[in-house]
Amino acid sequence: MDVLLDVDGPVAVITLNRPAKLNAITPEMAGALRACLDRVDADPGIRVAVLTGAGERSFCVGSDIRELDAYATPWEFRNRGDYGDAVRALRKPIIAAVNGYAYGGGLELAMACDIRLAASTATFAAPEIKLGWIGGSGQSALLAHAVGPGNAAVMLLTGDPIDAARARDWGLVTEVLPPEELLPAVRELADKIAARPPIAAQTAKANLRAAYAMPLDQAIQYERDLQTVCFATADAAEGRAAFAARREPVFEGR
């Protein structure tokens, strides 16, 4: 199978499993990825997802270019099921474990995740301009938010890769680790998030996304409204009770 889903307790690991082709995504893989993400969202036992690539060389190099000519018209290409959209639509937190090349649509996939950790061997690029087009899954907007307009312009206008250290310095990833330490570190982080109340975690994710799109006053009011929703949950009551009793809370997602 070209997309693998491994559920271990509250953490689901989704692996793009086409290492011989650098985990380039075919239309069939995009559909399989969407199905995995739908399962993650639908399963209340899953609280956090991890997205990574198989092999040591590549996280994902985006769409398989050889498949692009299969679309009969540009309009059909425009209306294809987009895998970056599918990751952004996930309600639950998702962490990218970037183990190698994150190019084109692979860069977009990584940026669609909430948190990115990278192996020291990882590289990042928006190479579409070298082939005559640009990214189409939020590449410019997401890069500008992540690394700033000037750094985004360097990546978008040259198409040249940056290494993991520069990606960290620019804010594209939060941590760079030796390759053998990447997945254990990501799993440790995923377990920590999974231990938090799931309603609050999903609300925090929704609030962060909204904060990018709203004027400050609206964003603060929206945050306050979401805080009120969270405050009314059984998990929040458990948190207050556990604090008063000086014990560890047990969050059930209610």
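**Exercise 1.** State in which helix C36 is found, and decide whether C36 is buried or exposed.

*Solution.* C36 is found in helix 1, residues 27-42, where helices are DSSP runs of H or I with at least four residues, numbered from the N terminus. The model is predicted, so local features need pLDDT of at least 70 and side-chain atom pairs count only at pLDDT 80 or more, while totals for chains, interfaces and linings use all residues. Residues are numbered from 1 along each chain as its sequence is written, and side-chain values use heavy atoms, with hydrogens and water left out. The relative accessible area of C36 is 10%, so C36 is buried (buried is under 20%, exposed over 50%, partly exposed in between, with a 1.4 Å probe and protein chains only). Leaving aside neighbours within four places in sequence, C36 is in contact with V3, L5 and I14, contact meaning heavy atoms within 4.5 Å.

**Exercise 2.** Determine how the axes of helix 4 and helix 5 are placed, and which residues meet.

*Solution.* The axes of helix 4 (residues 105-112) and helix 5 (residues 139-147) come within 10 Å and cross at roughly 55°. Helix 4 is therefore oblique to helix 5, given that angles under 35 degrees count as roughly parallel, over 145 as roughly antiparallel, 65 to 115 as roughly perpendicular and the rest as oblique. On the helix 4 side L107, E108 and M111 take part, meeting Q139, L142 and L143 of helix 5.

**Exercise 3.** Classify Y101 by its accessible area.

*Solution.* With a relative accessible area of 27%, Y101 is partly exposed.

Conventions: Axes fitted to C-alpha atoms, helices over the stretch in contact; angles between N-to-C directions. Helix = DSSP H or I, 4+ residues; strand = E, 2+ residues; numbered from the N terminus.
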